[in-house]
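The following questions and answers concern a protein model and its contacts. Please consult the sequence and structure shown here.

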Amino acid sequence: MMDRMARDRSSERGGAEQGLRIWSLLASAALALVLPPTGAAWSQDKMMATVGRIGNVDELVTMDKVCGAKPIRVALVDGFGGNSWRRITRAEYEDEAKKCPNIKEVLYADGQNNPQKTISDIQSFVAQGVEAIVVFPDAGPAMLPAIRAAHKAGVAIVAYTASPGGKPGVDYLDFIAPNTPSDGSTWAKWVAKSLNGQGKVVFLGGTPGNLQSQAELEGVKKVFADYPKIELLGGRPVDTNWDPAETQKVVAGLLTRYPEIDAIISDYGGGSVGGIRAFINAKHPLVPWAANDANEFACLWQENKAANPNYQMMTVSSRTWLVRVALRKAVAKAEGVEDPEPSIVNQPIVEDSTDPKLPPKCDSSLPPDAIFSSQLPPDKLKAVFAQ
Amino acid sequence: MNRVSDFALIDLLQVPRVRHARATVERRRRGCAAAKTQRARQLDDLSSRSQALLLDIENAFGEENILGLGRFSAIWAATAVLFAVSPFIAADSLSHAAIFSMLPFAAILALVAVGQTLVVQQRGLDLSIPGAISLGALIVTKFPNQADALAPAGILLTLFVGGFVGLVNGLTIALFGVAPFVATLGVNALLLGFVQWYSGGSPTGAADSLNQWALSTLGGFPNTVVLTFVLIALAQAVLLWTVAGRRFEAVGANPEAANAAGIRVFRYQVSSYVVAGVCYATAAILLAAFLKTPGVFIGDTYLLPSVAAVVLGGTALTGGVGNVAASAVAALFLTQLGQLVLSIGAPTAVQLLIQSGAIAVGMGLREVNQSFLPRWSRSG
């Protein structure tokens, strides 16, 4: 999900319209020959082998535990800063940093999807003597030399969501990420419960061959192994390019291909809205749908639940708050304080239409891709989108 | 159809030749032995250029393939074949739901392809499509900001901005002589920058009334499709059966000759970009209406398919000869092909291979028809 947000623009660019898939095919073949693995591929690969501890959200601590007393400056180096997820993330980072009175400066740099600029952003902050840096290394391993140099220069540098490769603890302080297979398991368990252990399920993934969807699929399959009467249609993630328009076409195709679809698991709630519209346009009754939280995903459920008795939804967090964990780790190190938090976080369910305690959250005054699982207070979340 | 309109064009082109003949006769009558005056030389020049233009046009319309189809008919045949085989490839691919999921996307791509066709006919190439569509979809959603009352104003503003973007493109190219792909690429970058700034990276939902309109049907067809059909039929009629339309084609085929024939080349060249800009804006409005929440850079996926539709439709990339209806049918072909491979449920790699193969065959058929096969069939 983060990798999707990371690559938001480039994946949309790459997602060529149906007719000209050959262009992108050729282009990707050419790229595959000359480029190292992308951040998306690399991050999931390394994520599993990280030295960071896996833990639950209840093991996270508050900022005041790691503030220390020494006056420091912190910086967020974002590989790309131009979408809703990134803007919420930046606001969360600034919100968290302001909780420590001894953090004198809260700096930010937008890499504009340009690895070269992101590298120079890191180098510039190191040169300025910033003590703690949090980085979203969109370009993956291409960022490693700059990150390693910062680490060697004694800066507390923490990567989050996309891995730069290398070794956490050796090349940089730590790598903070969600536990991807556990997301898959969480979705699959909920779907199995909704279907009473019987039915046909589609798993909507992202870009072709991305390792994030593959890792989630592992979690899904592990759970479904206990339910012989649940069939995962196609047996693999269906590519949607994490794009709502593409998802709409893809799901329309799936509805043609499979006469019976009983539930959907998707690793992008913001893209799933296209799939839901495909169901509505095809006059197909909506089915239980598991994803991660997005404003419009919940709004569509509220609009259509009355007409579709079987339609339920569940989401895990879109985890914009992960940047807070990364910042705490970096600040703790710079202050010489111990931070016991896990690096790889198992995510809880944040919305579940079958559970009155976790009602879906919709606010049509905010953009369709606003994220309510953010830890920003409501007024600050609104302020992010007030231009 | 073509014949009739060609005669109109030929009539038009007769004018300078007749003038030339008269001038010659006049000179001889006066017994003027002096060398041709400047004016007469110009007329001579005009005449020969007009001949060249005629030759261009004749060549273009003279091309026929082995099926006896004109260059624009091949895509109709290919599309018919595609729909005929669809049920055998994916059983339900011609079901009501499948067709009506596909048609709006085809309609939107068709409008974009029509815009690109007009530009290509004027020997141009429009690379500002991603920016123009993204901007159009953004304005039509962000300006009303979900308020139904403001939706009509949002639509008008979007159309105006689309036309204005085209005007900037057209003037840069026709007035300053900048190469079309350079000018439109630059404008595209400007537009994408503006889109990023205006949206802040967050999309906005379309007004409910607009969304409801797009999902409603008229005579059993989605409104988006009906509107697109009407617009394209109109464009086709104007291009084929009006003097302005024929002149438009003449300017594309040979701007110098058209200029010599007294056609205001500049106007036609600029207007092609303006009309194309309005086409993209219309497509963006339909896209926003249909998808409800268009992504911020929704236009990115339309550039290459628009060029593919133009080429598959039979419009010459060298300019002049073109047919917007054929481009629209090519858009339908590409969209149905895409939906068909999705319906097979094959992995993305296989889908890509099937799509590219089908396009290669479609393109190849026409090329083969025009070169190898006619000779071979004639000799046989």
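Contact here means heavy atoms within 4.5 Å. The model is predicted: local features need pLDDT of at least 70 and side-chain atom pairs count only at pLDDT 80 or more, while totals for chains, interfaces and linings use all residues. Residues are numbered from 1 along each chain as its sequence is written, chains are lettered from A and ligands numbered from 1 in the order in which they are written, and side-chain values use heavy atoms, with hydrogens and water left out.

Q: How many residues does chain B give to the contact with chain A?
A: The contact draws on both chains, and chain A contributes 38 residues. The area buried between the chains (accessible area lost on being put together, 1.4 Å probe, summed over both) is about 3700 Å², with 57% from carbon and sulfur atoms. The number of residues from chain B is 48.

Q: Which element gives the most to the side of chain B that touches chain A?
A: Helices are DSSP runs of H or I with at least four residues, and strands are runs of E with at least two, numbered from the N terminus. Between chain B and chain A there are 10 residue pairs in polar contact, both at pLDDT 80 or more; such a contact is a pair of N or O atoms within 3.5 Å, where within protein one must be able to donate a hydrogen and the other to accept it, and residues adjacent in sequence count only if both atoms are side-chain atoms. Elements that give two or more residues to this side of chain B include α4 (96-121), α12 (265-291) and α15 (348-370). With seven residues, the element that gives the most is α15(B).

Q: Is B:Ala261 buried or exposed?
A: B:Ala261 is located in the loop between α11 (255-260) and α12 of chain B. Buried means under 20% relative accessible area, exposed over 50%, and partly exposed in between (1.4 Å probe, protein chains only). Because its relative accessibility is 17%, B:Ala261 counts as buried.

Q: Which residue in β12(A) is the bridge partner of A:Pro178?
A: Strand β6 (residues 174-178) of chain A has five of its five residues buried. Two strands pair if DSSP finds at least two bridges between them. β6(A) pairs in the parallel sense with strand β12 (residues 344-346) of chain A over two bridges. The partner of A:Pro178 in β12(A) is A:Val345.

Q: How many residues apart in sequence are the parts that A:Asp95 and A:Arg324 tie together?
A: The side chains of A:Asp95 and A:Arg324 form a salt bridge at 3.0 Å, N to O, the term denoting a side-chain nitrogen of Lys or Arg within 4 Å of a carboxyl oxygen of Asp or Glu. A:Asp95 lies in helix α5 (residues 84-97) of chain A and A:Arg324 in helix α13 (residues 322-335) of chain A, so the separation of the parts in sequence is 229 residues.

Q: Where does A:Glu341 lie?
A: A:Glu341 meets A:Arg328 in a salt bridge of 2.7 Å, N to O, and both residues are buried. A:Arg328 belongs to helix α13 of chain A, so the pair ties together parts 13 residues apart in sequence; A:Glu341 itself lies in the loop between α13 and β12 of chain A.

Definitions and conventions. Buried area is the accessible area (1.4 Å probe) that two parts lose on being put together, summed over both.
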